[in-house]
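Student: I would like to go through this model from its overall fold down to one residue. Please show it first.

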Amino acid sequence: MTSQRIALVTGANRGIGKEVSRQLAQDHGMKVLMGARDLAKGQAAADEIGYGAEALQLDVSSPDSVAAAFFLMVESAYGRLDVLVNNAGVDYDTDQQVHLADLDRVRRAFDTNLFGPWETTIAAVPLLKQGTDARIVNVSSGAGSLTGMSAGTPGYGVSKAALNALTLKTAAALKPQGILVNAVCPGWVATDMGGGGRPISEGARGVVWAATLPKGGPTGGFFRDGVAIDW
């Protein structure tokens, strides 16, 4: 059993998830478990990061995959978890209009963007209760903010708004256990999904900030770059 803090990051083989994993491992000395649907891609990313980063097969939209990752791998190997970063997300649907949306496509987005984090949170909480100063970070988006919400990205935006609601519910439920739960918008970042914007490292930094909050830090908040933003 390692004495390091243990973090699990979903959707970690590229983009924000990979950079969050790198910062947690290299800058904060954590043992990072990098969840990826494609284990080979996850392992390649973990090898690139080094510092003991480890890949595990994890498709958040599959309950069987989540159960195998948490109960057969994390629990059996480590017996605890200190940080969960729900980063996996799909379908920034700029090509859809809300009144013409393909709802089957929207449901698939919800499977990953809402029910995925919900599933992983349920699986993680017993392990987080065994950890120290445990943290949950839900990687959200300004597209999910009800304040100033636009017509664009209907499936993605509504699924992220639902993720924000899940954040509030989870934070309230876990506050008595001292587990801090926050949503973080990384901003417009130059990932494959975002297609442009600021460097990935800058967007990831706000996620890492929430993952490393000290005891007594904020919970039930929505942040960008460590600053509260409107729901």
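Student: In what order do the elements of the protein chain run from the N terminus on?

Tutor: This is a predicted model. The protein chain has 6 helices and 8 strands. From the N terminus on, their order is β-α-β-α-β-α-β-α-β-α-β-α-β-β.

Student: What is the radius of gyration of the protein chain, and how does it stand against the globule rule?

Tutor: For 231 residues the globule rule gives 17 Å, and the value for the protein chain is close to that, so the chain is as compact as a globular protein of that length. Its C-alpha trace spans about 50 × 40 × 35 Å along the principal axes. The radius of gyration is 16 Å.

Student: What percentage of the contacts with a separation of 6 or more comes from residues 24 or more positions apart?

Tutor: Of the 231 residues in the protein chain, 49% are buried. Among contacts with a separation of 6 or more, the share from residues 24 or more positions apart is 67%.

Student: How far apart are the mean positions of the positive and negative charges?

Tutor: The accessible surface comes to about 10300 Å², with 54% of it belonging to carbon and sulfur atoms. The protein chain carries 20 positive and 22 negative charges. Their mean positions are 6 Å apart.

Student: Which residues of strand 4 lie on each side, and are they buried or exposed?

Tutor: In a regular strand, side chains alternate between the two faces of the sheet. Strand 4 covers residues 83-86, with Val83 and Val85 on one side and Leu84 and Asn86 on the other. Both faces are covered, and all four residues named are buried.

Student: Which residue is the bridge partner of Val83 in strand 5?

Tutor: Strand 4 pairs with strand 1 (residues 6-9) in the parallel sense over 3 bridges, and there Val9 stands opposite Val85. Strand 4 is also joined to strand 5 (residues 135-139), again running parallel, by 4 bridges. In strand 5, the partner of Val83 is Arg135.

Student: Does Asn138 count as buried or exposed, and what is its relative accessibility?

Tutor: Asn138 belongs to strand 5. Buried means under 20% relative accessible area. Asn138 therefore counts as buried, at 2%.

Student: Which residues are in contact with Asn138, leaving aside its neighbours within four places in sequence?

Tutor: One of them is Asn86, a residue of strand 4 that is itself buried.

How values were computed:
Residues are numbered from 1 along each chain as its sequence is written. This is a predicted model: local features need pLDDT of at least 70, side-chain atom pairs count only at pLDDT 80 or more; totals for chains, interfaces and linings use all residues. Side-chain values use heavy atoms; hydrogens and water are left out. Helices (H or I, at least four residues) and strands (E, at least two) are DSSP runs, numbered from the N terminus. The radius of gyration is taken over C-alpha atoms; the globule rule is 2.2 Å times the number of residues to the power 0.38. Buried means under 20% relative accessible area, exposed over 50%, partly exposed in between (1.4 Å probe, protein chains only). Contact means heavy atoms within 4.5 Å. Accessible areas come from the Shrake-Rupley method with a 1.4 Å probe; for residues, only the protein chains shown count as cover. Lys and Arg count as positive and Asp and Glu as negative; His and the chain ends are not counted. The place of a charge is taken as NZ of Lys, CZ of Arg, CG of Asp or CD of Glu. Two strands pair if DSSP finds at least two bridges between them.
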